[in-house]
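Visitor: I would like to learn how to read a model like this one. Please take me through it feature by feature.

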Amino acid sequence: MKSSPHRPSIELLFKRGLGSAEIARRLQISSSTVRNVVAAIKKRGDASEVKKSGRPRSVNTRNTRAIIKKRIIRNDGLSLNRMASQLGIARSTVQSIVKNDLKLKSYKLRRGQYLSDKSKAMRLEKCRKLLQHFQVRRVSDVIWTDEKIFTIEPLPNRQNQRQLLSKDDSMSPKRRLAHNRLFPKSVMVWAGITATGKTPLVFIERNVKINSEVYQKIVLMDNLLPWVTQHFAGGPFILQQDWAPSHGSRSTLAVLEAHFPGFLDKNLWPASSPDLNSMDFSVWGMLEGKIAGKVFATVDDLKAALEVAWASIDDGYLRRTVNSVKKRLRACVKARGSNFEILL
């Protein structure tokens, strides 16, 4: 029964001998309210309100849901803890409303390179050119290449690297520390793949600057050219590379024209596009995963582990990865040159 502010008056008039109808008339309230209060007086001897048992009334009301929905529309990155604090309600209530009533789920932000409007327009134009190019040439003939730095101390994954400890031990020396040296030893690795094979890994020491001369000799002439000669056996191939200064100098272009004709030049390959290069969007991540969590005593140990991981990559994976490039090009066009991985 809903609480009535007329309880004391009803009780007073009832004890003076007035009937329910007369009390309702004098107080100008409904007869049912008077009868309910009179019934309580007869049962308990007075009209005091009985304290309710059980759980308190939920704060998950229509008004609360509307407020939370409005705030999320205004800022969908708002912390649930902060929202609960601002509304003065439990976080579990906010979480329940967000999940069960608003049907929303928390997702990690997608990672991707920043693209200006100019970059997007350039990517759109060149992705269209590449799709036309691959109507004539085979994407499986492309050698996808890239460089990456690996360190002997991989960065710790603070989300997944955990310890099971008691509350007392959580503040004791038993709690391990995830750390990295300020400047861990590292090595630059160059590599390339096609749909049917892998180049050798080329290690470039940390103190060696990759200028045009180093790139041409160590990467192109000493390693890539012998591999291409053996792997393609005179058949057609297409070299892809990014356009770092050492890759696009006049002397490097002369080497490319002489030994790697048909390479994807600056008119075809878009800048700021690691999401289109098989090495960037897939292979480096797989290689990192194979050595993840390991700390190597020396750079030579790191190199040995990378060689083992590289050798374990099979042709099926290479074929699937390379074949996905055309799908990515079409997605890039659909996204008008913008980040497109949500469309895959």
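Guide: Start in a loop. Lys-103 sits in the loop between helix 6 and helix 7. Its phi is near 55°, a positive value in a residue other than glycine. Some ground rules come next. This is a predicted model, where local features need pLDDT of at least 70, side-chain atom pairs count only at pLDDT 80 or more, and totals for chains, interfaces and linings use all residues. Residues are numbered from 1 along each chain as its sequence is written, and side-chain values use heavy atoms, with hydrogens and water left out.

Visitor: Is Lys-103 buried or exposed?

Guide: The cut-offs come first. Buried means under 20% relative accessible area, exposed over 50%, and partly exposed in between (1.4 Å probe, protein chains only). Lys-103 counts as exposed, at 64% relative accessibility. Ser-272 is partly exposed, at 37%. Gly-112, also in the loop between helix 6 (91-101) and helix 7, is exposed at 55%.

Visitor: How many helices and strands does the protein have?

Guide: Helices (H or I, at least four residues) and strands (E, at least two) are DSSP runs, numbered from the N terminus. By that count, the protein has 13 helices and 5 strands. Of its 344 residues, 37% count as buried.

Visitor: What does the surface look like in numbers?

Guide: Areas come from the Shrake-Rupley method with a 1.4 Å probe; for residues, only the protein chains shown count as cover. The protein exposes about 22000 Å². Carbon and sulfur atoms supply 51% of that.

Visitor: How do I read a nonpolar core?

Guide: A nonpolar core is a set of buried Ala, Val, Leu, Ile, Met, Phe, Trp, Tyr and Cys residues joined through side-chain atoms within 4.5 Å. The largest one here has 45 residues, and Trp-144 and Trp-310 touch the most other members. Elements giving two or more residues include helix 7 (117-136), strand 1 (142-151), strand 2 (186-194) and helix 13 (315-334). Helix 13 gives the most, with 8 residues. Apart from this core lies another, of 18 residues, among them Ile-143, Ile-204, Leu-224 and Phe-260.

Visitor: Which residues is Trp-310 in contact with, leaving aside its neighbours within four places in sequence?

Guide: Contact means heavy atoms within 4.5 Å. The partners of Trp-310 beyond those neighbours include Ile-193, Pro-200, Leu-201, Met-279 and Val-283. Now the whole chain. Of the contacts with a separation of 6 or more, 70% are between residues 24 or more positions apart.

Visitor: How many disulfides are there?

Guide: A disulfide is a pair of cysteine sulfur atoms within 2.5 Å. The search of the whole structure finds 0. The sulfur of Cys-127 has its closest cysteine sulfur in Cys-332, 3.3 Å away, too far for a bond. Cys-127 is buried, at 0% relative accessible area. Cys-332 is buried too, at 0%.

Visitor: Where does Arg-123 lie, and what does its side chain contact?

Guide: Arg-123 lies in helix 7, and is buried at 0% relative accessibility. A polar contact is a pair of N or O atoms within 3.5 Å; within protein, one must be able to donate a hydrogen and the other to accept it, and residues adjacent in sequence count only if both atoms are side-chain atoms. The side chain of Arg-123 makes one with the side chain of Ser-273, at 2.9 Å. Among its other contacts are Asp-275, Cys-332 and Phe-340.

Visitor: And Arg-328?

Guide: Arg-328 lies in helix 13 and is buried, at 10% relative accessible area. Its contacts include Asp-275, Phe-281, Phe-340 and Leu-344. Arg-328 and Cys-127 are 201 residues apart along the chain, yet their C-alpha atoms are separated by 9.2 Å.

Visitor: Which feature does UniProt place at residues 17-44?

Guide: The unreviewed entry gives "domain: HTH luxR-type" there. UniProt positions follow the numbering used here, feature names are shortened, and annotations may be inferred rather than shown by experiment. In the model, that span is 79% helix and 0% strand, with its end C-alpha atoms 18 Å apart.
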